[in-house]
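Open the model in your viewer and keep the selection tool ready. The tour goes stop by stop.

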Amino acid sequence: MAKLYYQGHGSFRLTSQNGTVLYVDPYAGDGYLLPADYILVTHEHGDHNQISLVTAKPDCQVIRAANAMQNGNYQTFSLEDGITVQAVPACNQNHKREECVGYVITIDGTAVYAAGDTSATPEMSSLLAPMHLDYALLPTDGHYNMGPEEAAACAQTIGARHTIPIHTKPGELFDESVALRMEHPSRLIVRPGEEIEL
């Protein structure tokens with residue numbers, strides 16, 4: 001069974017049952033010492049792309065938005081250990097669609113949606129909802145991204161079994177009061193430094 005470790009802000013780590021390690025949007029918190037097989041970056045803002053924080057294996061592969069979206073086409077990557085990474089749209093008034101992506105990561109048979117920095121997109125209903133996702137990690141800061149109320153509406157649209165509010169406040173690891181305002185039955189609060197089994 002895969003595990004998810006939340007570093008804080010928009011940063012988290014996935015570890016497969018076989019020990020494959022994948023980091024998403026490294027920037028905040030701790031938990032970067034486990035050597036990485038893969039690093040995913042949703043976009044090139046400084047609070048999402050600090051790959052130097054990560055202890056990387058010599059053959060570590062970094063996937064960035066520029067790799068994940070080519071000529072407007074969203075790419076799918078087949079990684080080792082049966083892991084797949086599918087890039088999906090992410091955008092809002094602060095994040096250009098042509099420069100940002102989210103990722104649907106399937107690891108040990110569990111589908112995890114890393115939304116990156118985004119607000120509601122049409123693809124949440126047309127593409128993501130039919131995937132029957134297990135986890136969706138949604139930004140909720142209401143400043144650079146959608147706020148918790150819009151995130152709750154997105155959670156309803158996407159229909160993941162569990163929705164984890166992240167990216168809760170600019171410059172902070174986590175603001176639980178914001179996370180709690182994302183009111184939806186699927187809400188799962190994960191605090192920085194916590195690891196859960198998926």
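How many cavities of 30 Å³ or more does the structure hold? The structure holds 1. A cavity is a set of points, on a 1 Å grid over the protein atoms alone, where a 1.4 Å probe fits but cannot get out. Its volume is the space filled by probe spheres set on the points, with grid points joined across faces, edges and corners. Lining residues have an atom within 4 Å of a point.

Before moving on, note that this is a predicted model, where local features need pLDDT of at least 70, side-chain atom pairs count only at pLDDT 80 or more, and totals for chains, interfaces and linings use all residues. Residues are numbered from 1 along each chain as its sequence is written, and side-chain values use heavy atoms, with hydrogens and water left out.

**First sheet**

Select β5, β4, β3, β2, β1 and β14, in that order. They form an open sheet of 6 strands with mixed pairing. Strands are DSSP runs of E, at least two residues, and helices are runs of H or I, at least four residues; both are numbered from the N terminus. Two strands pair if DSSP finds at least two bridges between them. The edge strands, β5 and β14 (195-197), each pair on one side only. Neighbouring strands here are turned by 20° against each other on average, direction ignored. Such angles run from 0 to 180 degrees between N-to-C directions, and the axes are lines fitted to C-alpha atoms, for helices over the stretch in contact.

Zoom in on β3 (residues 21-24). V21 and Y23 point one way, L22 and V24 the other, and all are buried. Buried means under 20% relative accessible area, exposed over 50%, partly exposed in between (1.4 Å probe, protein chains only).

Now look at the partners of β3. Strand β2 (residues 11-15) runs antiparallel to β3, joined by 4 bridges. T15 has V21 as its bridge partner. The hairpin of β2 and β3 has 5 residues between the strands, and G19 takes a positive phi near 95° there. With β4 (residues 36-40), β3 pairs in the parallel sense over 3 bridges. Pick L22 and find its bridge partner Y38. Then pick Y23, whose bridge partner is I39.

**A histidine in a loop**

Select H43, in the loop between β4 and β5 (56-63). Why does H43 count as buried? Because its relative accessibility is 1%. Its side chain makes a polar contact (a pair of N or O atoms within 3.5 Å, one able to donate a hydrogen and the other to accept it; residues adjacent in sequence count only if both atoms are side-chain atoms) with the side chain of T42, at 2.9 Å. Beyond neighbours within four places in sequence, H43 is in contact (heavy atoms within 4.5 Å) with H48, N49, A65, H95, E99, C100 and D117.

Select β8 through β13. This open sheet of 6 strands has the order β8-β9-β10-β11-β12-β13, with mixed pairing. Its edge strands are β8 (76-78) and β13 (162-166). Strand β12 (residues 135-139) pairs with β13 in the parallel sense over 5 bridges. There, A136 has T163 as its bridge partner. Finish on helix α3 (residues 148-158), which packs on the sheet and touches β11 (110-114), β12 and β13.

Technical notes
1 Å grid on protein atoms, 1.4 Å probe; cavity = no way out; pocket = protein on both sides within 12 Å on 5 of 7 lines; lining within 4 Å.
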